[in-house]
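Hi everyone, thanks for making time today. I'd like to walk you through one structure, so please have a look at the screen first.

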Amino acid sequence: MRFPPSFLSSPLRAALAAQILGGLLVASLLLLLPWRPPIPLPLAAALAQGLAAALAARWLRAPSWWQGIHLLFMPLVVLVNGLHLPPILWLGGFLILLLVYWRTDLSRVPLYLSNRPTAAVLASLIPAESGFVVDLGCGTGGLLVNLSSSRPDCHFTGIEHAPIPFLLAWLRCRRLKNVDIRYGDFWALNLHPCQLVYAFLSPVPMPRLWEKARAEMSADALLVSNSFAIPDVMPEQVVAVGDARDTQLYCYRPGQADRAVTE
Ligand SMILES: C[S@@+](CC[C@H](N)C(=O)[O-])C[C@H]1O[C@@H](n2cnc3c(N)ncnc32)[C@H](O)[C@@H]1O
């Protein structure tokens with residue numbers, strides 16, 4: 001049996017498939033085998049299901065960290081269920097995670113934040129003359145708070161689609177005259193007016209971002225990607241921030257893309 005690659009391209013569908021395969025395997029074993037385990041049946045079944053789901057995820061070629069999640073998911077559900085917590089806690093936890101991470105399964109970009117040393121180096125990359133800078137997926141807005149004080153002559157826009165990070169960014173920046181926080185999808189934002197576009201995303205959207213930047217950014221505008229290089233495109237420069245996590249800033253001029261060396 002093979003799942004079509006388009007089905008497995010969604011991490012949620014792939015995870016569901018691994019969980020169901022693991023469940024089916026363990027249910028068949030429980031029906032077929034005559035013995036009973038020495039530990040309580042629900043926990044034994046959950047441990048076996050976790051192992052089977054992890055193996056199924058491996059077979060489905062899910063990233064390795066998913067295998068750990070599958071291994072622990074059902075056993076933890078059974079153990080925590082034994083604490084008889086009020087069901088509202090589960091719903092509340094789910095809603096908070098949803099509002100913080102939003103549709104990470106679609107965007108494939110989770111929330112993690114640029115640190116202060118990165119903001120300082122990024123400020124030095126903004127062109128000397130004042131202009132527009134955008135942070136694609138601005139998270140909780142900390143980067144823009146730092147940039148706005150280093151470059152009061154520039155105008156900064158942050159756009160974010162996850163509700164709680166957007167709200168925090170909006171609250172933090174509402175008194176800053178040169179920062180504008182918008183709620184929405186950055187794929188719908190026209191990058192043409194920007195002198196510098198900053199992205200701290202993930203490897204997945206980089207090819208699409210490159211196409212968008214090439215189509216919209218002006219010739220001398222700079223695209224700076226924190227940590228994630230654009231595949232097969234030579235950056236104009238790679239700036240090492242020199243922080244503890246060894247942050248690299250990949251700098252491109254998409255408006256001059258024909259001059260970029262494509263390997
Ligand atoms: C890795 S965080 C970076 C946060 C911030 N730029 C920083 O450097 O501190 C990426 C953010 O992009 C947001 N995001 C992902 N896809 C998005 C989209 N299509 N439109 C708007 N925001 C998006 C995520 O919700 C997340 O908050």
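This is a predicted model: local features need pLDDT of at least 70, side-chain atom pairs count only at pLDDT 80 or more; totals for chains, interfaces and linings use all residues.

Let's begin at Ser227, which sits in the loop between strand 5 and strand 6. Residues are numbered from 1 along each chain as its sequence is written.

Back to Ser227: its phi is positive, about 75 degrees, although the residue is not a glycine. As background, most residues other than glycine have a negative phi. Ser227 counts as partly exposed because it has 19 C-beta neighbours inside 10 Å. The rule is that 20 or more other C-beta atoms within 10 Å of a residue's own make it buried, 12 or fewer make it exposed, and anything in between is partly exposed, with C-beta atoms placed from the backbone.

Trp102 also has a positive phi, near 50 degrees, and is a residue other than glycine. You'll find Trp102 in the loop between helix 5 (87-101) and helix 6 (104-107). Is Trp102 buried or exposed? Trp102 counts as buried, because 20 C-beta neighbours lie inside 10 Å.

Seven strands form an open sheet, in the order 3-2-1-4-5-7-6, and the pairing is mixed. Two strands pair if DSSP finds at least two bridges between them. Strand 3 (179-183) and strand 6 (237-240) are the edges, each pairing on one side only. On average, neighbouring strands here are turned by 20 degrees against each other, direction ignored. Such angles run from 0 to 180 degrees between N-to-C directions, and the axes are lines fitted to C-alpha atoms, for helices over the stretch in contact.

Let's look at strand 1, residues 132-136. Strand 1 is largely enclosed by the rest of the structure, because four of its five residues are buried. From strand 1 the chain crosses through helix 8 to strand 2, and this β-α-β crossover is right-handed. To picture that, point the strands away from you: the crossover is right-handed if the path from the first strand over the helix to the second runs clockwise. Strand 1 and strand 2 pair in the parallel sense over five bridges, and Val134 stands opposite Thr157 in strand 2.

A helix lies against this sheet too: helix 7 (residues 116-125) packs on it, touching strand 4, strand 5, strand 6 and strand 7 (248-252). The direction of helix 7 makes about 165 degrees with that of strand 5. For contact, the C-beta atoms of two residues, placed from the backbone, must lie within 7 Å.

Which strand does strand 1 pair with over four bridges? That is strand 4, again in the parallel sense, and Leu196 in strand 4 is the bridge partner of Val133. Strand 4 also pairs in the parallel sense with strand 5 (residues 222-226), over four bridges, with Tyr198 opposite Val224. Together with helix 10 (residues 206-216), strand 4 and strand 5 make a right-handed β-α-β unit.

In a regular strand, side chains alternate between the two faces of the sheet. Strand 4 (residues 196-199) is covered on both faces: Leu196 and Tyr198 on one side, Val197 and Ala199 on the other, are all buried.

Last stop, the ligand. Around it are 23 residues, and the closest are Ser107, Ser114, Gly137, Gly139 and His161. Here a residue is near a molecule if its C-beta atom, placed from the backbone, lies within 6 Å of it. This shell has 14 nonpolar, six polar and three charged residues. Nonpolar covers Ala, Val, Leu, Ile, Met, Phe, Trp, Tyr, Cys and Pro; charged covers Asp, Glu, Lys and Arg; the others, Gly among them, count as polar. Helix 8 (142-150) and strand 2 (155-160) each supply at least two residues of the shell.
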